[in-house]
Amino acid sequence: MKPIILGISGASGAIYGIRLLEEMKKQGIETHVVISKWGSYTIKAETDYCIEDVIGLASFYYEDDDLAARISSGSFKASGMIIAPCSMKTLSGIANGYSEDLIVRAADVCLKEQRKLVLLTRETPLSQIHLQNMLTVSRAGGVIAPPMPSFYTRPTSLEDMIDQTVGRILDQFDIPFAGLRRWEG
Ligand SMILES: Cc1cc2nc3c(=O)[nH]c(=O)nc-3n(C[C@H](O)[C@H](O)[C@H](O)COP(=O)(O)O)c2cc1C
């Protein structure tokens, strides 16, 4: 399959981006990764991973201020992009076409090229501005996928809950994931 771009922005839930990256590496999927300044902060604050470990999971890594990176051009062929987690600031940049950093620019490119863009938007409660921005991105073709735990799977650990979300996100790209539990009725 074509490469997947993964952005980790500064919302709570850095572990979602890390788990996605671990799984895609395991499956030999080429990943192009960007971590924002505040994404680096939340990795340190919320997980036991150091930033070098996370970068080491990526096939290719770019700095968020590197607007000359190849993923900032539509000529770079990718299946699409996941932003996990996606802050309200990054969401706003995408909704308004304000491509000041590489995560937003790569997302903007996905929308214009009509490629899959999946945002694990994370904030609570949500203001009308947040909701409006989500609606704007959804109407432009993006998939708004807040990390909502599934209780019908009877999770027994935080890892279960995280992996269920990871599986649903990978589903968006038809990437199989053993940790996903489907509702069988
Ligand atoms: C520990 C921590 C948790 C945060 N959690 C959230 C969050 O869940 N959602 C959000 O929109 N912003 C959150 N923020 C604020 C963002 O990091 C901040 O708006 C930042 O400018 C986002 O920049 P970025 O999107 O370029 O990463 C958090 C910040 C910190 C330090």
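Helices (H or I, at least four residues) and strands (E, at least two) are DSSP runs, numbered from the N terminus. Residues are numbered from 1 along each chain as its sequence is written. The model is predicted: local features need pLDDT of at least 70 and side-chain atom pairs count only at pLDDT 80 or more, while totals for chains, interfaces and linings use all residues.

Helix H6 spans residues 128-139. Its twelve residues reach 16 Å from first C-alpha to last, close to the 16 Å expected at 1.5 Å a residue, where the expected span is 1.5 Å times one less than the number of residues. Asn133, Met134 and Val137 are the buried residues of H6. They lie on the same side of H6 because they cover an arc of only 100° around the axis, the arc being that of the directions from the helix axis to the C-beta atoms. Buried here requires 20 or more other C-beta atoms within 10 Å of a residue's own; exposed requires 12 or fewer, partly exposed falls in between, and C-beta atoms are placed from the backbone. On the face of H6 turned away from the buried side are the exposed residues Gln128, Leu131, Leu135 and Arg139.

The buried residues of H6 pack against H4, strand S5 (116-121) and strand S6 (143-144). Contact means that the C-beta atoms of two residues, placed from the backbone, lie within 7 Å. After H6 comes Gly141, with a positive phi near 110°. Gly142 is in the loop between H6 and S6, and counts as buried because it has 25 C-beta neighbours inside 10 Å. Leaving aside residues up to four places away in sequence, Gly142 touches Leu111, Leu117, Leu119 and Val137; Val137 is one of the buried residues of H6.

The largest nonpolar core has 47 residues, of which Ala84 and Ala106 touch the most other members. Such a core is a set of buried Ala, Val, Leu, Ile, Met, Phe, Trp, Tyr and Cys residues joined through C-beta atoms within 7 Å. With residues up to four places away in sequence not counted, Ala84 touches Leu6, Ile8, Tyr16, Gly17, Leu20, Leu120 and Ile169.

The ligand is surrounded by 16 residues, the closest being Gly10, Ala11, Ser36, Trp38 and Met88; a residue is near a molecule if its C-beta atom, placed from the backbone, lies within 6 Å of it. Helices H2 (37-46) and H4 (88-95) each supply at least two residues of this shell, and H2 gives the most, with five. The shell divides into five nonpolar, eight polar and three charged residues.

Key:
Ala, Val, Leu, Ile, Met, Phe, Trp, Tyr, Cys and Pro count as nonpolar, Asp, Glu, Lys and Arg as charged, and the others, Gly among them, as polar.
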